Amino acid sequence: MNFRTYWATTLRVLRQLLADHRTLGLILGVPTALLVLLYFVYLDVPTPPGGEALFPRIALSMLGILPMLVMFLVTSVSMQRERTSGTLERLWTTRLHRADLLVGYATAFAVVALAQAVVLAVVAYVFLGVQTQGSAALVLLIAALDAVVGVALGLMTSAFARTEFQAVQFMPVVVGPQIFLCGLLVPRDQLPDALRWVSDVLPMSYAVDALTTLREGADVTTGLVVDLGVLAAFGLGALVAAALTMPRTTR
């Protein structure tokens with residue numbers, strides 16, 4: 001890996017993202033709009049006596065779902081566009097290494113993912129009344145790390161797509177099951193054994209678990225540290241897999 005080519009790739013991708021207002025709107029605006037929509041969906045739902053309002057719990061879980069979903073979609077399509085337009089093949093004629101390209105892409109999208117996490121967290125805490133026992137900074141870290149995992153998964157799956165449409169088709173396959181099994185709909189410990197085992201190997205589950213831990217307590221527990229470590233390991237593993245499967249020619 002060469003630092004100069006890595007940094008050049010990072011700056012190139014950042015410039016492309018900043019110039020693409022629709023993509024920026026998708027990354028920054030759409031998750032926020034969906035979170036606000038969810039707030040109004042639950043606005044008139046009564047809270048059971050002695051119970052907890054549904055929206056704050058679900059909204060916090062969505063901070064572990066929306067970033068991964070959106071960043072997976074944007075990254076997989078962007079990388080596939082590089083390939084189909086011939087940009088990637090031209091880059092392979094230079095000294096660019098796979099690691100330079102993928103880590104540069106991941107870094108550029110991580111910067112945007114951090115901005116996305118900040119916007120989501122500010123809207124949730126300041127305007128929608130979401131509260132947690134744990135630190136808001138840790139919530140922000142989890143949302144950003146979750147988005148980076150989505151970037152890594154998008155880079156990995158884009159290697160198996162031939163068109164942008166095929167890249168989009170991977171979203172319900174890769175992200176869909178994670179939404180159902182992450183604990184949003186049913187607590188993971190109440191899932192059937194087979195589904196719980198599947199849930200245990202999906203990164204979104206650990207993001208939602210970490211956010212739930214912060215909602216219920218202020219302490220940085222061992223479980224929280226493990227969840228963060230597993231998320232980081234998933235992101236790194238997906239980047240390594242992307243480097244191993246990234247084709248050097250357009251199929």
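The model is predicted: local features need pLDDT of at least 70, side-chain atom pairs count only at pLDDT 80 or more, and totals for chains, interfaces and linings use all residues. Residues are numbered from 1 along each chain as its sequence is written, and side-chain values use heavy atoms, without hydrogens and water.

**Helix H6**
- Phenylalanine 127 sits in helix H6, residues 98-127 (helices are DSSP runs of H or I, at least four residues, numbered from the N terminus).
- Phenylalanine 127 has a relative accessible area of 61%, so it counts as exposed (exposed is over 50%, buried under 20%, partly exposed in between; 1.4 Å probe, protein chains only).
- Glutamine 116 also lies in helix H6.
- Glutamine 116 is buried, because its relative accessibility is 1%.
- Beyond neighbours within four places in sequence, glutamine 116 is in contact with Ile27, Leu28, Pro31, Pro67, Val70, Met71 and Ala147 (contact: heavy atoms within 4.5 Å).

**Largest pocket**
- The largest pocket holds about 270 Å³ of space (a pocket is an open set of points on a 1 Å grid over the protein atoms alone, where a 1.4 Å probe fits, with protein on both sides within 12 Å along at least five of seven lines; lining residues have an atom within 4 Å of a point). Volume is the space filled by probe spheres set on the points, which are joined across faces, edges and corners.
- Its lining has 14 residues; Gly183, Pro187, Arg188, Asp209 and Thr212 are the closest to the centre.
- Helices H3 (54-62) and H11 (203-216) each supply at least two lining residues.
- H11 gives the most, with five residues.
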